[in-house]
Amino acid sequence: MMLNSDAMELDLPPTHSETESGFSDCGGGAGPDGAGPGGSGGGQTRGLEPGEPGRKDLQHLSREERRRRRRATAKYRTAHATRERIRVEAFNLAFAELRKLLPTLPPDKKLSKIEILRLAICYISYLNHVLDV
């Protein structure tokens with residue numbers, strides 16, 4: 001599954017231009033009162049969900065609190081869950097491949113991950129012993 005660039009940029013800390021400049025994401029300059037080229041100043045920046053505070057509301061918060069709020073969005077949570085699912089699938093696939101290389105009786109015996117690791121350690125030790133003799 002491929003993640004889009006918007007999901008990946010959520011994990012990055014805000015850049016200097018995002019936190020300290022007066023420019024909005026849509027290319028126009030904003031004055032000290034937050035009014036951009038449209039003049040209203042009440043619009044929200046791109047990518048915000050309903051009920052999520054605008055960038056102006058987040059400026060007084062600490063970096064950690066901004067990160068915490070960004071991670072609380074549904075978009076971030078779904079992207080994180082997708083990355084975690086991919087990681088766990090790769091992890092389980094690696095254990096399955098390792099399991100195929102280990103001799104057990106019966107050959108199709110179900111082993112836990114810790115049993116696979118312990119058996120792999122013992123099997124590597126045995127093979128080293130065979131080579132040394």
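Helices α5 and α6 sit oblique to each other, an angle class that covers whatever is not under 35 degrees (roughly parallel), over 145 (roughly antiparallel) or 65 to 115 (roughly perpendicular). Keep in mind that this is a predicted model, where local features need pLDDT of at least 70, side-chain atom pairs count only at pLDDT 80 or more, and totals for chains, interfaces and linings use all residues. Residues are numbered from 1 along each chain as its sequence is written, and side-chain values use heavy atoms, with hydrogens and water left out.

**How α5 and α6 meet**

- Two packed helices are described by the angle between their axes and the distance between the axes.
- The axes of α5 (residues 74-100) and α6 (residues 113-132) come within 10 Å and cross at roughly 45°; axes here are lines fitted to C-alpha atoms, for helices over the stretch in contact, with angles running from 0 to 180 degrees between N-to-C directions.
- The crossing of α5 and α6 is left-handed, meaning the near helix is turned anticlockwise from the far one by less than a right angle.
- On the α5 side, Phe91, Asn92, Phe95, Leu98 and Arg99 make the contact, and on the α6 side it's Lys113, Ile116, Leu117 and Ala120 (contact means heavy atoms within 4.5 Å).
- Sorted by class, that contact of α5 with α6 has six nonpolar, one polar and two charged residues; Ala, Val, Leu, Ile, Met, Phe, Trp, Tyr, Cys and Pro count as nonpolar, Asp, Glu, Lys and Arg as charged, and the others, Gly among them, as polar.

**The whole chain**

- The protein chain has six helices and zero strands, counted as DSSP runs (H or I of at least four residues for helices, E of at least two for strands) and numbered from the N terminus.
- Buried residues make up 16% of the 133 residues, where buried means under 20% relative accessible area, exposed over 50% and partly exposed in between (1.4 Å probe, protein chains only).
- Take the contacts between residues at least 6 apart in sequence: 36% of them join residues at least 24 apart.

**The loop between α5 and α6**

- Leu102 is found in this loop and counts as buried at 8% relative accessibility.
- Beyond its neighbours within four places in sequence, Leu102 is in contact with Ile116, Leu119, Ala120 and Tyr123.
- The C-alpha atoms of Leu102 and Ala120 are separated by 6.6 Å, though the two are 18 residues apart along the chain.
- Thr104 has its place in the loop too, and at 17% relative accessibility Thr104 counts as buried.
- Not counting residues up to four places away in sequence, Thr104 touches Arg99, Lys109, Leu111 and Leu119.
- With Arg99, Thr104 makes a side-chain to side-chain polar contact at 2.7 Å; the term means a pair of N or O atoms within 3.5 Å, and within protein one must be able to donate a hydrogen and the other to accept it, while residues adjacent in sequence count only if both atoms are side-chain atoms.
- A polar atom of the Thr104 side chain also lies 3.2 Å from the backbone oxygen of Pro106.
- Pro106 is in the loop as well, and the peptide bond from Leu105 to Pro106 is cis, with omega near -10°.

**Two more side chains to look at**

- Thr82 lies in helix α5 and is buried, with a relative accessible area of 11%; its side chain reaches the backbone oxygen of Thr78 at 2.9 Å.
- Ser62 is in the loop between α3 (55-58) and α4 (63-71) and is partly exposed at 42% relative accessible area.
- A polar atom of the Ser62 side chain lies 3.2 Å from the backbone nitrogen of Glu65.
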